[in-house]
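This briefing goes through one protein model, topic by topic. Keep the sequence and the 3D view open while reading.

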Amino acid sequence: MAIAKAERLMNLALCLLGTRRPLSKRELRGSIEAYLEAFGPGHGTASGAESGAADNATGSDDAFNRMFERDKDDLRELGLIIETVESVDGETGYLARRDSNRLPPITLDVEEAAALGLAASVWQQARLAAAASGALQKLRAAGMPLAEEVYGSHSALETRIPVHEAAFEPLMLAARDRRPVVFDYRKANSARPEQRHVEPWTLECWRGHWYLAGWDRDRKAERVFRLSRITGKVRSRGIPFTAPVPDHVTVRETVERWAGETATGTARIKVRADHGYPLRARATSTRELGDGWDELEIPYGHGLDAWLVEFGPDVVVLEPAELREAVLDRLRAVAKG
C-alpha cells in the first residue's frame with residue numbers, strides 16, 4: 001500500500017510539473033493510472049441513467065475527491081508548491097510551476113553543512129525529526145556536502161532538546177498555520193484550571209521548560225503560558241488572528257521577561273547545602289550559614305517565585321517580603337491540589 005501511494009503521488013507531481021496550463025480534477029483523474037483503476041474516468045450528468053448507477057457514480061466521485069485532496073495536501077507537505085487557478089469558465093485547475101519548485105544554487109561550505117546536520121539532530125519530536133531529515137536530503141541532493149565528511153561517523157556533540165508535553169505539537173502547528181487555540185490552563189497559584197483562548201505566536205524553551213507566547217483574546221493582552229501547566233487537549237479554531245504578530249525578538253524578550261530572565265532587583269534566599277545548583281550558578285554572592293544551609297543573593301525578576309517553588313523544601317526565601325509571600329501562595333495552591 002505504501003509503494004502504491006508513493007507511485008500515485010509521484011505521478012501526480014509529474015503531471016502538475018509537466019503541464020503548461022492548469023489541469024482540472026477531471027483531467028488529472030483521466031491521466032493518472034491509479035485514479036483510473038480505482039474510480040474510473042469520472043461521470044458527468046447523464047439523462048436517463050438509473051438511480052442506482054447514478055448513486056454509485058456519485059460515491060465514486062466523492063471518494064476520488066477525498067483522495068485527491070489528501071494527495072494534494074501530502075505533496076504540499078513534502079514541499080511542492082501547487083497553484084490553484086480559476087479558469088474563465090469557473091473550473092478550478094492545478095499546476096506546479098518548475099521555476100517555483102526549483103532550489104536555488106547551494107553554496108554551503110563543510111562547516112555550515114555540519115552545523116545544519118547538528119541542528120537537524122537536535123529534535124527528538126517525531127514530526128520535527130522527519131521534517132529536518134527531509135530538508136537535509138533535499139539539500140544534499142542539491143550538492144550540499146555531508147556533515148560526516150567533517151567529523152566522521154561519530155560526533156563529539158550530541159545535542160538534544162527534550163519535548164515531553166503533549167501540547168507541544170498542536171501548539172507548534174497552530175503557531176505555524178496562524179490558527180487560534182483553546183486550552184485549559186492551571187496557573188501556579190491556582191488549584192483549578194481555567195479555559196484560555198489564545199492566538200499562538202511562538203514556542204520558546206527556557207531553563208528546560210517550554211513556553212507559549214501569544215495573544216490572550218479574553219484578556220486583550222499579550223501572555224506567556226508554560227506548557228507543563230496546560231491540561232487536557234489543545235483545540236484549534238479555523239478563524240483568523242485578531243491581533244498583529246510581533247517579530248521574533250520581541251516575543252523572545254516577552255518569554256524571558258515572564259519567565260524571570262529580566263531582573264529588576266536582588267533576592268536573598270537560603271539554599272540547602274549541595275542543592276539548588278541552577279540557583280547557585282546565577283548567584284551574585286554566596287555565604288555559608290552552617291547547619292547545612294547557604295545564603296545566596298540572586299537577581300530578582302518576574303517569574304522567580306515560580307522557579308523557586310520547583311526546589312521545594314530545599315529553598316527558603318528571606319527577602320524581599322513580596323517574593324516570600326508569592327512563593328508561599330504557590331505552595332499553598334499546590335497543597336490544596
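Glu86 has Thr92 as its bridge partner in E3. The model is a predicted one.

- Strand E2 covers residues 83-86 and pairs with E3 in the antiparallel sense, over four bridges.
- E2 and E3 make a hairpin, with five residues between the two strands.
- Gly90 sits in the turn of this hairpin and has a positive phi of about 90°.
- E3 (residues 92-95) also pairs with strand E1 (residues 23-24), again in the antiparallel sense, over two bridges.
- Ser24 has Gly93 as its bridge partner in E3.

**The five-stranded sheet**

- Five strands form an open sheet in the order E7-E6-E5-E4-E8, and their pairing is antiparallel.
- Strand E7 (221-226) and strand E8 (230-236) are the edge strands, each pairing on one side only.
- From one strand to the next, the twist averages 40°.
- Strand E6 (residues 209-216) and E7 run antiparallel and are joined by six bridges.
- Ala213 stands opposite Val224, which belongs to E7.

**Helix H8 on the sheet**

- Helix H8 (residues 168-177) packs on the sheet, where it touches strand E4 (181-185), strand E5 (194-206), E6 and E8.
- The direction of H8 makes about 90° with that of E5.
- Which residues of H8 are buried? They are Phe168, Leu171, Met172, Leu173, Ala174 and Ala175.

- Asp216 is a residue of strand E6.
- Asp216 counts as buried because its relative accessibility is 0%, and the cut-off for buried is under 20%.
- The side chain of Asp216 reaches the backbone nitrogen of Arg219 at 3.1 Å.
- Neighbours within four places in sequence left aside, Asp216 is in contact with Arg196, His197, Ala221, Arg223 and Phe225.
- Thr202 is found in strand E5.
- Thr202 has a relative accessible area of 16%, so this residue is buried.
- Thr202 and Asp247 are 45 residues apart along the chain, and their C-alpha atoms are separated by 9.9 Å.

**Helix H12**

- Helix H12 (residues 321-336) is made of 16 residues.
- From its first C-alpha to its last, H12 reaches 23 Å, close to the 22 Å expected at 1.5 Å a residue.
- The residues Leu323, Ala326, Val327, Arg330 and Ala333 are buried in H12.
- Why do the buried residues of H12 line one face of the helix? Seen down the axis of H12, they fall within an arc of 120°, so they line one face.
- An α-helix has 3.6 residues a turn, so residues three or four places apart point the same way.
- The buried residues of H12 pack against strand E9 (263-272), strand E11 (293-301), helix H11 (304-309) and strand E12 (315-319).
- Ala321, Ala335 and Lys336 are exposed, on the other side of H12.

How values were computed: Residues numbered from 1 in each chain as written. Predicted model: local features only at pLDDT ≥ 70, side-chain atom pairs only at ≥ 80, totals over all residues. Heavy atoms only, no water. Pairing = 2+ DSSP bridges. Axes fitted to C-alpha atoms, helices over the stretch in contact; angles between N-to-C directions. Contact = heavy atoms within 4.5 Å. Expected span 1.5 Å × (residues − 1). Buried < 20%, exposed > 50% of the residue type's maximum accessible area, 1.4 Å probe, protein only. Arc of directions from axis to C-beta. Polar contact = N/O pair within 3.5 Å; in protein donor to acceptor, adjacent residues only side chain to side chain.
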